[in-house]
Amino acid sequence: MTETTDKSFQEIMKEKAAAIDEMLSAYIYHGQAVPDTITEAMRYSLLAGGKRLRPILMQETYRMFGGSGTQFIEPFMAAMEMIHTYSLVHDDLPAMDNDEYRRGRKTTWAVYGDAMGILAGDALLNAAYETALEVLGVCETPEQYRRVGWALKVLAHNAGIHGMVGGQVADIEAEQQTEPLTAEQIDYIHRNKTGALIEASMTIGAILAGASTEQGTEITRCALDIGIAFQIQDDILDVVGDSAELGKPVGSDAANGKQTYVTIHGLEHSRAEVERLSNEAIAILQKLPGDHSFLESLVRYLIDRRS
Ligand code: GRG
C-alpha cells in the first residue's frame, strides 16, 4: 500500500511542509548575540509557510536511492530552503520585482525596509552554507566526505551565476527586450532561474544517498523537466490562478508587459508542455530503482497545482 492511499496527497504535502517548518525553525538563529532586527527578518521570511517543494524533492530522492536517517540530508534540506527564500526576498525588492505580497503576507522589504530586505537575503545565503557545512561534523569515512564535498559543490554551482543567479540576470535583461524572446532564451531562463535549484535538490539527494553517476545523470534530467514544467505552470497560474490561493497578486506578468512561455505560446500549448515534461519526468523515474511512487505522485500533483 502506498502512503497516498489513506490521505489526500495535498494533506501529505502539508504534513511534510510542517515537519520542514519545524526543522527550519531549529536551524535558523534566534536568541543569539546579533541584532534582533536581522534575525527577526530572517525568521519572518523563512518561516512564512512556503510549499517546501525543494527540500521535499531532496528528501524523497535521497530515500528513493536508499538514503536513511536525517543527519546527512536535513542540513542540506534546510540550506536549500534558505537559498530559495533569500532569492524570493531579493526578487521582491523594489529594485527587482517591487512586490509587496508573497506567501500570503507582506514581503520582507515591505515590513522591514529595503536595506533590511537586502541584508536578510544576504544573511540567509550565508546561513545556508553554514548550515550545510554542519554535515562535516558527522562525516566519518572518506566516502562520506567525498559525497558531502560534491553536494556542496552542486549547491554553490547551481545557486550562482551558472544557475539561479545567471537565470535571474537573463530574465531581467529580457524584460528590456522589445522583440519576442527566442525559444533558446526562454529555455535558458527557465533552466537556470527555476530549474537550477530543483535540479540541485534532487541531485544532492542522489549524491548523499550514494547513487551511481548514471543514476545521478538521469535524476538531473528528471529534475530539469520538473523545474521547467514548474515554471511554465507558474506562468499559467499568473494568468488563471486565484490570488487568495497563491498568496500574491495574479496578472503581474501582463501588467508588467513581461514575456513568458504563456504570452508567447498561449495557454493551451503551455498546458500541453507542462503535461509533456511531467510525463517525461515520470518515465525517467520509472526506469530508476527504488520506490519512486511518492515522487511520481508529486510530479502529477504539480501539474494540477493551484499555488
Ligand atoms: C534574486 C538571485 C535572485 C534570484 C531570484 C526565485 C527567483 C530568482 C525569482 C522569484 C520569482 C519566480 C517566479 C521564480 C521562479 C521560481 C518560482 C516559481 C519560485 C516560487 O517558488 P515556490 O512556488 O514558492 O516553490 P514557495 O513560496 O512555495 O516556496
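User: Is Phe9 buried or exposed?
Analyst: Phe9 counts as buried because its relative accessibility is 12%; buried means under 20% relative accessible area, exposed over 50%, and partly exposed in between, with a 1.4 Å probe and protein chains only. This is a predicted model, in which local features need pLDDT of at least 70 and side-chain atom pairs count only at pLDDT 80 or more, while totals for chains, interfaces and linings use all residues. Residues are numbered from 1 along each chain as its sequence is written, and side-chain values use heavy atoms, with hydrogens and water left out.

User: How many aromatic pairs are found in the whole structure?
Analyst: The search finds three aromatic pairs. Rings of Phe, Tyr and Trp (its six-membered ring) pair if their centres lie within 6.5 Å; planes under 30 degrees apart count as stacked, over 60 as edge-to-face and the rest as tilted. Phe9 and Phe294 form a tilted pair, 5.0 Å centre to centre with 40° between the planes.

User: Which helices hold Phe9 and Phe294?
Analyst: Phe9 lies in helix 1 and Phe294 in helix 15, so the pair ties together parts that are 285 residues apart in sequence. Helices (H or I, at least four residues) are DSSP runs, numbered from the N terminus. Phe294 is buried as well, with a relative accessible area of 6%.

User: What about Tyr44 and Tyr112: how are their rings arranged?
Analyst: Their centres are 5.6 Å apart and their planes at 70°, so the pair is edge-to-face. Tyr44 belongs to helix 2 (residues 36–46) and Tyr112 to helix 5 (residues 108–112), so the pair ties together parts that are 68 residues apart in sequence.

User: Which residues do ring pairs link into a cluster?
Analyst: The cluster consists of Phe9, Phe294 and Tyr301. The charged end of Lys16 also sits over the ring of Phe294, 4.7 Å from its centre; this requires NZ of Lys or CZ of Arg within 6 Å of the ring centre and within 35 degrees of the ring normal.

User: Changing topic, how many residues of helix 3 are buried?
Analyst: Eleven of its twelve residues are buried. Among them are Leu53, Met58 and Tyr62. The elements covering them include helix 1 (9–27), helix 10 (213–240) and helix 15 (293–303), where contact means heavy atoms within 4.5 Å.

User: What follows helix 3?
Analyst: Gly66 follows helix 3, and its phi is positive, near 90°.

User: Finally, how many disulfides are there?
Analyst: The count is zero, a disulfide being a pair of cysteine sulfur atoms within 2.5 Å. Cys222 counts as buried, at 0% relative accessibility.

Key. Helices (H or I, at least four residues) and strands (E, at least two) are DSSP runs, numbered from the N terminus.
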